[in-house]
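Hi,

Here is the structure I said I'd pass on.

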Amino acid sequence: MSQYVDIGNLKVDQALYEFIVSEALPESGVADGQFWSDFETLLNEWTPANRFLLEERKTIQNQLDTWYRDHSTGYEFEEYKGFLEEIGYLEPKVDDFKITSENVDHEIAHQAGPQLVVPVDNARYALNAANARFGSLYDALYGTDVISEEDGAERGSSYNPVRGEKVVAYAKEFLDRAVPLTGSSHKDAVTYKVTDENLVVTLSDGSERKLAEPEKFKGYHGLPEDPSAILLENHGLHLEIQLDPEHPIGKGDPAGVKDILVESATTTIMDCEDSVAAVDAEDKVRVYKNLLGLMKGDLTASFNKGGREVTRHLQPDRSYTTPDGGEIVLKGRSLMFIRNVGHLMTTPAILDRNGEEVPEGIVDGIVTCLLAKHDLLQNGKYQNSDAGSIYIVKPKMHGSKEVAFANTLFNRIEDMLGLDRYTVKIGVMDEERRTTLNLKNCIHAVKERIVFINTGFLDRTGDEIHTSMEAGAMIRKQEMKTSTWLHSYEQSNVNVGLETGLIGKAQIGKGMWAMPELMNNMMEQKGGQLKAGANTAWVPSPTAASLHALHYHDINVKATQEKLMENITDKIDEILQVPVAASTDWNEQEIHEELENNAQGILGYVVRWVNHGVGCSKVPDINNIGLMEDRATLRISSQHMSNWLHHGIVTKEQVEKTLRKMAKVVDEQNADDTQYRPMAPDYDQSIAYKAARDLIFDGTKQPNGYTEPILHKRRRELKEKAFI
Ligand SMILES: CC(=O)SCCNC(=O)CCNC(=O)[C@H](O)C(C)(C)COP(=O)(O)OP(=O)(O)OC[C@H]1O[C@@H](n2cnc3c(N)ncnc32)[C@H](O)[C@@H]1OP(=O)(O)O
Ligand SMILES: O=CC(=O)O
Ligand SMILES: [Mg+2]
């Protein structure tokens with residue numbers, strides 16, 4: 001239960017207060033008294049504007065609901081578009097402009113590469129993510145389905161040499177594409193050595209080869225005639241051939257190659273939003289503590305792995321001898337962004353002068369920038385931003401006024417923390433329909449500090465369903481992925497990013513691969529995001545980052561973007577194609593499948609969120625494929641079920657029955673977890689089950705279809721019960 005400290009007219013939760021005063025403020029150059037008085041002023045000034053924007057969301061949604069109901073027998077597209085313009089949903093477009101963001105780190109401005117996302121409340125995972133700048137390609141291949149288990153290549157519990165051979169063959173074929181030898185293959189190499197500042201590779205027939213592009217050789221470890229590592233670079237990304245003829249793997253390799261390290265997550269998003277469950281000050285402090293540890297470089301996590309106690313720290317930088325005998329130092333860690341929460345929620349961590357919870361987005365903005373200031377002041381062991389910037393990702397904003405609000409907030413935070421103007425950079429999630437349609441205006445509102453746009457297609461799909469809830473029954477969830485609106489939204493995002501000058505200054509990013517176990521499919525499909533114009537795309541794990549990194553070697557992202565610049569067209573009319581089903585004559589089996597799949601995902605995710613405070617989980621779907629579920633995927637499933645219920649495709653009884661059935665399935669899936677509290681058979685006693693029900697039965701009433709109001713309420717209810 002919260003104990004509050006009175007600071008001016010604010011009531012600040014004791015735990016948060018103590019963390020800020022004793023850990024976050026010292027050495028930040030910001031004085032305690034001034035900090036709290038500025039905090040209060042900022043809240044007084046900007047809470048009303050925040051509330052106003054949320055009211056505007058409601059007004060717009062009500063107008064849309066009414067319009068769709070009034071046009072239930074059909075409408076002309078131009079009439080619809082005219083209505084959207086009239087209510088300000090479609091904004092008048094700003095004149096052409098280019099962004100002017102400065103002091104942007106190389107990894108964002110110039111280097112195309114994977115972007116890893118991690119729930120920052122989990123120190124073990126967050127450290128792993130920050131360290132995922134380099135990863136073992138052999139491990140990523142061996143441990144995933146990229147290498148098939150056919151012909152004796154099963155994963156098994158001990159090392160399988162047949163599988164090992166396939167891994168090595170795959171990796172060397174990759175080397176032949178990324179850093180080819182003149183007229184030969186890395187498969188034929190028997191030694192790698194450095195002669196006259198060049199990489200010289202001897203083949204089994206005794207002949208010698210050089211790299212087809214010798215300048216790709218960047219450095220080495222060990223002696224030139226007997227190196228233990230060779231550093232290469234392709235498309236700006238590094239890879240390291242590790243040599244050790246004594247190593248169990250190196251021993252079996254003609255050239256003693258024991259592994260190939262690949263530069264993987266060039267950037268990482270430390271997530272305070274959809275992948276965490278932070279409902280009160282206690283949770284927020286856990287999130288902030290980890291972030292401070294990451295910014296100062298002293299975060300550690302100790303845990304038992306495979307029967308051994310392990311303590312994880314941040315990785316140091318990597319140093320190599322250059323071909324001419326000098327030194328090259330590479331960053332050992334991924335460049336970190338911090339994703340704040342959006343404008344919607346309030347937090348009980350601080351109460352204002354009226355005793356009301358304050359906007360969580362404002363608290364996140366102030367506190368996370370304060371934490372990141374330690375990086376700028378070089379108070380820690382390592383440097384995150386060499387360019388002196390703080391990178392904040394702002395999710396779930398609707399239209400340019402909301403982005404402008406974030407911009408003003410960041411101005412105020414900079415003033416409050418003694419930071420130069422535009423030190424705080426912003427990554428804008430393009431994940432709400434009103435932002436997609438007005439993206440150029442949104443970018444304009446932050447043109448001096450924007451460092452990315454990203455198609456968060458998961459939230460965006462949830463918003464698509466909720467926005468047009470009254471328009472009719474939506475197509476099936478799986479069909480959304482190939483629908484017109486989604487395809488044009490993705491294209492439009494790239495077009496607008498290119499048009500407003502993001503190349504060389506900011507990232508054009510694409511969304512999450514939400515099937516962490518289907519890495520082979522990822523390898524087949526995720527390169528498509530780069531061909532479509534992105535220079536970064538989200539991955540759910542370090543392993544996925546190492547594998548996705550190969551796409552950046554195979555595809556010349558910069559050339560692709562430049563080519564796409566030649567064909568920029570307006571996609572608004574296609575984006576406005578509402579995904580209402582043309583026909584609703586799905587058979588019983590199809591309806592059943594849709595319901596069960598959604599219900600299983602919802603329950604499987606919500607039970608861990610509400611009962612255990614876990615914000616991101618791998619939950620099996622009805623085909624038993626583990627899917628990454630977070631609040632955005634929950635938004636889709638719950639809104640989809642609400643939509644079908646609302647339009648009579650399914651009945652309340654059918655939904656209740658499905659929920660009860662799937663709750664048992666989820667209980668069984670969690671049977672091995674001793675901490676797990678089953679939902680069946682006392683469904684009415686399970687707070688988690690009730691949360692899942694609310695999300696569906698009250699889904700049409702949730703603000704923009706968001707799941708956080710219900711999740712927070714139910715999690716707090718559970719925490720209070722546990723406290724009593
Ligand atoms: C729509 C959106 O907003 S998407 C953004 C939000 N989503 C995310 O952030 C996804 C983050 N990913 C995750 O949380 C996890 O990968 C999950 C929940 C999907 C799967 O987690 P698990 O079932 O524990 O994964 P699994 O057992 O396969 O792997 C665990 C190992 O991988 C590591 N790992 C998994 N995901 C990550 C990650 N994102 N970052 C760093 N390490 C990770 C863990 O540290 C662990 O390794 P360790 O034992 O050495 O510490
Ligand atoms: O935040 C990402 C999304 O897809 O939503
Ligand atoms: Mg999102």
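Let me start with a surface spot: Gln378 is exposed, with 10 other C-beta atoms within 10 Å. For burial I use C-beta atoms placed from the backbone: 20 or more others within 10 Å of a residue's own makes it buried, 12 or fewer exposed, and anything in between partly exposed. Gln378 sits in the loop between α9 (360-376) and β20 (390-394), and its phi is near 55°, a positive value in a residue other than glycine. Helices (H or I, at least four residues) and strands (E, at least two) are DSSP runs, numbered from the N terminus.

Before going further, the housekeeping. This is a predicted model, so local features need pLDDT of at least 70 and side-chain atom pairs count only at pLDDT 80 or more, while totals for chains, interfaces and linings use all residues. Residues are numbered from 1 along each chain as its sequence is written, and chains are lettered from A and ligands numbered from 1 in the order in which they are written.

Tyr422 also has a positive phi, of about 70°, although it is not a glycine. Its loop runs between α10 (399-417) and β21, and here the residue is buried, with 20 other C-beta atoms within 10 Å. Pro681 belongs to the loop between α23 (652-669) and α24 (687-697). For context, most residues other than glycine have a negative phi, and most peptide bonds are trans.

Nine of its eleven residues are buried, so the helix is largely enclosed by the rest of the structure. The buried ones are Ile687, Ala688, Tyr689, Ala691, Ala692, Arg693, Asp694, Leu695 and Ile696.

Now the overall picture. The protein chain has 25 helices and 26 strands. Its radius of gyration is 26 Å, close to the 27 Å that the globule rule gives for 724 residues, so it is as compact as a globular protein of that length. (The radius is taken over C-alpha atoms, and the rule is 2.2 Å times the number of residues to the power 0.38.) The C-alpha trace spans about 80 × 65 × 55 Å along its principal axes, and 50% of the 724 residues count as buried. Among contacts between residues at least 6 apart in sequence, 74% join residues at least 24 apart; a contact means C-beta atoms, placed from the backbone, within 7 Å.

What about the core? The largest nonpolar one holds 193 residues, of which Met270, Leu291, Ile338, Val428, Leu603, Val606 and Ala692 touch the most other members. A nonpolar core here is a set of buried Ala, Val, Leu, Ile, Met, Phe, Trp, Tyr and Cys residues joined through C-beta atoms within 7 Å. Leaving aside neighbours within four places in sequence, Leu291 is in contact with Val120, Met270, Ile338, Thr368 and Leu371.

On to the ligands. Ligand 1 has 25 residues around it, with Val117, Asn128, Ala129, Ser275 and Ala632 coming nearest; "around" means a C-beta atom, placed from the backbone, within 6 Å. β3 (115-119), α5 (123-130) and β25 (617-620) each supply at least two residues of that shell.

Ligand 2 is surrounded by Asp274, Pro395, Met429, Glu431, Gly456, Phe457, Leu458, Asp459, Gly511, Met512 and Ala632. Helix α13 (residues 457-467) gives the largest share, three residues.

Which residues does UniProt mark as "binding site"? The unreviewed entry lists Arg339, Glu431, Gly456, Phe457, Leu458 and Asp459. UniProt positions are in the numbering used here, feature names are shortened, and annotations may be inferred rather than shown by experiment.

Glu431 lies in the loop between β21 (424-429) and α11 (433-437) and counts as buried, with 26 C-beta neighbours inside 10 Å. Not counting residues up to four places away in sequence, Glu431 touches Pro395, Lys396, Gly456, Asp459 and Arg460. Gly456 is in the loop between β22 (450-454) and α13, and is buried with 26 C-beta neighbours inside 10 Å. With the same exclusion of residues up to four places away, Gly456 touches Pro395, Met429, Asp430, Glu431, Gly511 and Ala632.

Cheers

Technical notes
Contact = placed C-beta atoms within 7 Å.
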